[in-house]
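These are my notebook entries on a structure I went through chain by chain. I wrote down each item as I looked it up, with the cut-offs beside the terms.

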Amino acid sequence: MQEKLCSLDQAIGDLLPGGSSVVLGACLEPDIPFAATYEIIRQGIKDLDVIAPISDASTDMLIGAGCVGQVTGAWVGNVSGGLGHNYRRAFENRDTPSIKLRDHSNFSLGMALMAGAYGMPYAPMRSLLGSDIVKSNDQFIAAENPFCDQKEPVVLVPPLIPDVAILSVQRADKYGNNHHWGNRGLAQEAALAAEKVILLANEIVEPEIILSDPSRVLVPGYLVSSVCHLPAAAHPSPQTGCWRRDNEFFNDYHRQSRDQEGFQEWLDEWVYGVADHQAYRAKLGAGLKSLEITGQALSAPANFAAV
Amino acid sequence: MVDYSIQELMIIAAAREINDGELVFVGMRLPIAAYGVARLTHAPNAVGLFECGIARYAPAGDMLYTMGDPPNQLQAAWSAGLVPVMSQLQRGRVDAGFIGGAEIDRYGNVNTSYIGDFNKPLIKLPGSGGAADIAAMSKRLLVIMNHEKRRLVEKVDYITSPGFLHGGCSRADAGLAVGGPSAVITDRAILRPHGPDNELHLASFHRGNGIDDIAENTGWNLQVRPDLAETPLPSPEELAALHEIDKDGFWH
């Protein structure tokens, strides 16, 4: 097996050229790889197509930093804070929006990534019927169910194959095998659909630990391109069993990003002004420590014995 | 004199919309509190679904800022993916779903995407999230929002989440055989669809709100249902249940 441990700046630099389509966390609110969001901004990567059902404030940060050409997503904002100010600025008071938007619902994005993951030519679905999402995103096709005698409208969703999926997991081995627990959102579909997967692991463990519970694996290591060891890579988003959500950080971001100057100051302080994730953790200091989950609510062991 | 806030009344009114044994898509904030109240009072067997991939029996024991927070994972009935959980909507299993919105119109269509033309919006709102799916595929849609003339409008600029579309049979004609708004719970009143046109009419008013006032704050010519009544005040049991969930008095 090939060892895949590398630094985050190397993984992003090598695997994510400008113009790529990228999933940055797909669990909706938890496990969003903000460390990668910041590294993308630091490297000044441009013209990304950011694919996200809901990646909390990550997408808003990337838009404000000028990294985004297109958003393919269902929701952009700040989940506990409110509207995404950079997202609004990209659309409002302009002759034309500064980014393209391919509107989705959460479920249609799920169908698109599922079709990508499973090699389906397209996915038929019902739940965009009646929504103007099929008007503002002209990629959807209105059709009729060929298996139904009566007229039954359906919506056809084209597959999405992201160039890169960047996902946070609780633990991985040096080969990219990993365990993830808690809700998965579209993380598994994204990992299976993407051409390349970068994992940000809260902890690196011996391969035996991952092999002991194959049912907890998000995707096996042979589908993973790089694994980076980054404790609290998801900060300020939560990670089940490891980190609580830093609500104040999201609120501060919301306040400071209200105008362009404030957002620039926020970027200077939290992204450009810190060299890497280690420096970011050091800057958070005791605040980060207080978010660490120290309690235990262990699941019962599962027996995989063969005889 | 019953001591309650308007948010508490809205939460309790929303809780009454959940029947025992039902499968309900729960959002954050007011709906999650409503789900908790329903479980503790008349609906102990309701099941709550969260689009991030979680199903729960008992509501989370601690305050949630997002549905993926650790307290919502602990002791969940299921912590899985979005597709297996949201597919239960399309499978026709979900009885009711809660959404909020920036704008709603007389036929219960909800906009959370664009104010103005979508090619050049005056205001860019966050988008659907799971709302379009919940609105299309739940057997009953429950909408919670503030009652302002600029929010309750004649026609929304963009239908993110379909209600009764253009009224009458237009929802069914679009392929949505079931569902549609069942109640719109505001800080002044509850609106429900009425008659063959499926337009939202005034079903009940919260104490202290005159019918004229409510109509004045509604962007269409609001009709009154024949069964118009005052929204029942929170009962002591309902308030006790809410206080058990909301120990810090966030909603009080």
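I began with A:Pro236, which I found in the loop between strand S13 (226–229) and helix H9 (247–256) of chain A; helices (H or I, at least four residues) and strands (E, at least two) are DSSP runs, numbered from the N terminus. The peptide bond that leads from A:His235 into A:Pro236 is cis, with omega near 10°.

I noted the conventions next: residues are numbered from 1 along each chain as its sequence is written, and chains are lettered from A and ligands numbered from 1 in the order in which they are written. The model is predicted, and local features need pLDDT of at least 70, side-chain atom pairs count only at pLDDT 80 or more, while totals for chains, interfaces and linings use all residues.

Then I looked up backbone angles. A:Leu28, a residue other than glycine, has a positive phi near 80°, and its place is in the loop between strand S1 (21–24) and H2 of chain A. A:Leu28 counts as buried, with 33 C-beta neighbours inside 10 Å; the cut-offs are 20 or more other C-beta atoms within 10 Å for buried, 12 or fewer for exposed, and partly exposed in between, with C-beta atoms placed from the backbone. In chain B, B:Arg29 has a positive phi of about 60°, lies in the loop between strand S1 (23–25) and helix H2 (30–40), and counts as partly exposed with 17 C-beta neighbours inside 10 Å.

A:Tyr38, A:Ile41 and A:Arg42 in H2(A) meet A:Leu267, A:Val271 and A:Tyr272 in H10(A), a contact being two C-beta atoms, placed from the backbone, that lie within 7 Å.

Last, I turned to the interface, where 46 residues of chain B are in contact with 51 residues of chain A. The elements of chain B that give two or more residues to this side are helix H3 (70–73), helix H4 (82–90), strand S9 (123–124) and helix H5 (131–137), and H4(B) gives the most, with five residues.
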